[in-house]
Amino acid sequence: MSDLRQRDALAASYDALAAEYGRRLAGELAHKPFDRALLDRFADRVRGLGPVVDVGCGPGQVAAYLHERGVDARGLDLSPAMVREARGRYPDVSFSVGDMTSLDEADGAWAAAVAFYSLIHLPRDEVGGALRELRRVLRAGGLLLVAFHVGDEVRHFDELWGVPVDLDFVLFTPGEMRGWLDEAGLTVEWLEERDPYPGVEAQTRRCYLLARAP
């Protein structure tokens with residue numbers, strides 16, 4: 001499948017899922033103390049520095065969480081319906097449609113970025129390019145916080161929550177993600193992992209990395 005067809009299938013799948021996804025997951029952070037603590041630490045680092053963009057924001061819960069903590073947080077998603085869902089839920093936060101692999105932003109435009117479970121829809125051979133694009137729009141010293149599922153497999157779904165979709169979920173090892181960040185010119189400051197919360201989320205191990213642009 002061509003890159004363009006992959007992007008179209010991804011956007012169409014999340015357009016179809018947007019309402020149900022928002023209903024199920026917009027409040028997920030209330031049940032994830034590790035993630036809240038991590039985002040609090042991140043907010044303390046980036047507050048007052050300029051735009052912080054949640055790339056692949058879905059229904060907007062991460063951007064909204066950061067916004068509530070005084071961060072100039074914004075959201076970006078490939079799915080127009082998901083952006084509408086986010087705007088409806090969090091009208092005080094700015095959300096827009098965009099593609100992380102080809103950002104309509106000037107070099108150095110962002111103070112920081114968050115990619116919570118958004119790189120997981122890219123084939124392995126495209127992750128490095130997406131990280132280089134994120135590096136391009138980060139200013140000197142800008143931070144990138146990445147979260148992903150740990151593993152070495154690709155899980156394909158033709159249906160999710162009763163909705164027909166065409167989605168690949170790619171699991172990455174911490175080592176390969178660290179390598180891609182290094183190749184993109186981003187220095188990893190720390191890496192943390194956790195087990196999944198039972199009954200709250202997909203039962204996969206989670207990894208979080210914070211990287212810094214030079």
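## Helix H6 and its surroundings

H6 is followed by Gly 185, a residue whose phi is positive, near 85°. The model described here is a predicted one.

Within H6, the residues Pro 174, Met 177, Trp 180 and Leu 181 are buried. They lie on the same side of H6, because they cover an arc of only 130° around the axis. An α-helix has 3.6 residues a turn, so residues three or four places apart point the same way. Gly 175 and Glu 183, on the other side of H6, are exposed. The partners against which the buried residues of H6 pack are helix H5 (124-137), E5, E8 and E9.

## The sheet

An open sheet is formed by 7 strands, in the order E3-E2-E1-E4-E5-E9-E8, and its pairing is mixed. Strand E3 (94-97) and strand E8 (187-194) stand at the edges; each has a single partner strand, so one side of each is left without a neighbour in the sheet. From one strand to the next, the twist averages 15°.

E8 and strand E9 (residues 206-212) run antiparallel and are joined by 7 bridges. Thr 187 stands opposite Arg 212 in E9. Helix H6 (residues 174-183) packs on the sheet, where it touches strand E5 (138-149), E8 and E9. The direction of H6 makes about 160° with that of E8.

## The largest pocket

The largest pocket has a volume of about 930 Å³. Its lining is made up of 44 residues, of which Tyr 14, Tyr 21, Tyr 117, Ile 120 and Phe 169 lie nearest the centre of the pocket.

Several elements each supply at least two residues of this lining: helix H1 (3-25), strand E1 (52-55), helix H3 (61-68), strand E2 (73-77) and strand E6 (154-160). The largest share of the lining, 7 residues, comes from H1.

## Two loop residues with positive phi

Tyr 117, one of the residues nearest the centre of the largest pocket, is located in the loop between strand E4 (110-116) and H5. Its phi is near 60°, a positive value in a residue other than glycine. Tyr 117 has a relative accessible area of 17% and is therefore buried, the cut-off for this class being under 20%.

Trp 161 is located in the loop between E6 and strand E7 (163-170). Phi of Trp 161 is near 55°, again a positive value in a residue other than glycine. At 30% relative accessibility, Trp 161 counts as partly exposed.

Terms used: Residues numbered from 1 in each chain as written. Predicted model: local features only at pLDDT ≥ 70, side-chain atom pairs only at ≥ 80, totals over all residues. Heavy atoms only, no water. Pairing = 2+ DSSP bridges. Helix = DSSP H or I, 4+ residues; strand = E, 2+ residues; numbered from the N terminus. Axes fitted to C-alpha atoms, helices over the stretch in contact; angles between N-to-C directions. Contact = heavy atoms within 4.5 Å. Buried < 20%, exposed > 50% of the residue type's maximum accessible area, 1.4 Å probe, protein only. Arc of directions from axis to C-beta. 1 Å grid on protein atoms, 1.4 Å probe; cavity = no way out; pocket = protein on both sides within 12 Å on 5 of 7 lines; lining within 4 Å. Points joined across faces, edges and corners; volume = space filled by probe spheres on them.
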